[in-house]
Amino acid sequence: IKGWSKSDPPPARVKPAPITFVLFLSNLAHRHVADNNIAPSPAERATADMICVAFYFLLRPSEYAGTDPEHASFTLDDVHLYIGVRKLDIASAPDRDLQLATSVRLHFTTQKNQRRGDIIAHGRAPHPYCCPVKATARLLLTHRNFFRNAHRTFDGTIRLASYYHRNQHLLLRAADVTAQLKFAARQCYRTTRIDASAITAHSLQAGGAMALLSGRVDSNTIKLLGRWHSDSMMRYLHQEAQPIMKNLARTMFNE
């Protein structure tokens, strides 16, 4: 029992980040480019895309961001894109194929619960920017474009959560994600009423789980996607689930 508790300790009680924040950052990072307005920086675009991926895949910060080589589990080789049942070669497939991918799978090679080999999949979401498949494809294309322009061969050991500035390879940090989420919280406060001080990079995992819970996805599926062994997070999410709780009295009232 003691060993089990260490493998999956109770999560820190953070405020779940709603998809409103993810949508805001995705639109800000990519709509401006499409509209030929002032383009966001490479760091802002990469951070917005990684936030999107982390939200949908219920990722912990240590699973995707940071400078510690033992953390940030995903390299480019850990990413698998598909069009239907056809697996794409992320090193050589045409750019257009990556953009048309219909599903993405992340291969967990290092994670908190030490269950190496887990593979989690997602299909496309309808939004043009806020989609796990499209966001992952954009991150991959950023790396491929750099390799191409630098006349380098594809390097699958490069971390997905990274970007390039003035030909320098930089890793995304949890602090970068937290800063962007806090910015989104301040900008969206009138809509969400969530204070920026309650939001950190850890809020993405809880936020993605809350979105699933509010969408009536069963708890076992959420636990599977979030890779939780215990029910501690689920109990916390049920307490926070205002969209669900607010209609319970009406449901319980039967004449």
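Phe146 and Tyr164 are both buried (buried means under 20% relative accessible area, exposed over 50% and partly exposed in between, using a 1.4 Å probe and protein chains only). Keep in mind that this is a predicted model, where local features need pLDDT of at least 70, side-chain atom pairs count only at pLDDT 80 or more, and totals for chains, interfaces and linings use all residues. Residues are numbered from 1 along each chain as its sequence is written, and side-chain values use heavy atoms, with hydrogens and water left out.

Now for the rings. The structure holds six aromatic pairs. Rings of Phe, Tyr and Trp (its six-membered ring) pair if their centres lie within 6.5 Å; planes under 30 degrees apart count as stacked, over 60 as edge-to-face and the rest as tilted. Here are two of the pairs:

| Pair | Centre distance | Plane angle | Type |
|---|---|---|---|
| Phe55 and Tyr56 | 5.7 Å | 90 degrees | edge-to-face |
| Phe146 and Tyr164 | 3.9 Å | 5 degrees | stacked |

The Phe146 and Tyr164 pair ties together distant parts of the chain: Phe146 belongs to helix α6 (residues 132-149) and Tyr164 to strand β5 (residues 162-165), 18 residues apart. Helices (H or I, at least four residues) and strands (E, at least two) are DSSP runs, numbered from the N terminus. Ring pairs also join Phe146, Phe147, Phe154 and Tyr164 into a cluster.

What about Phe55 and Tyr56? Phe55 is buried at 3% relative accessible area, and Tyr56 is buried too, at 17%.

How far apart are the end C-alpha atoms of α3 (residues 42-57)? They are 22 Å apart, which agrees with the 22 Å that its 16 residues should span at 1.5 Å a residue. That expected span is 1.5 Å times one less than the number of residues.

Next, some backbone angles. Most residues other than glycine have a negative phi. Leu58, which follows α3, has a positive phi near 55 degrees. Arg166 has a positive phi near 55 degrees, and Asn167 has one of about 65 degrees. Arg166 sits in the loop between β5 and β6 (168-171), and Asn167 is in the loop between β5 and β6 as well. Arg166 is exposed at 76% relative accessible area, and Asn167 is exposed at 68%.
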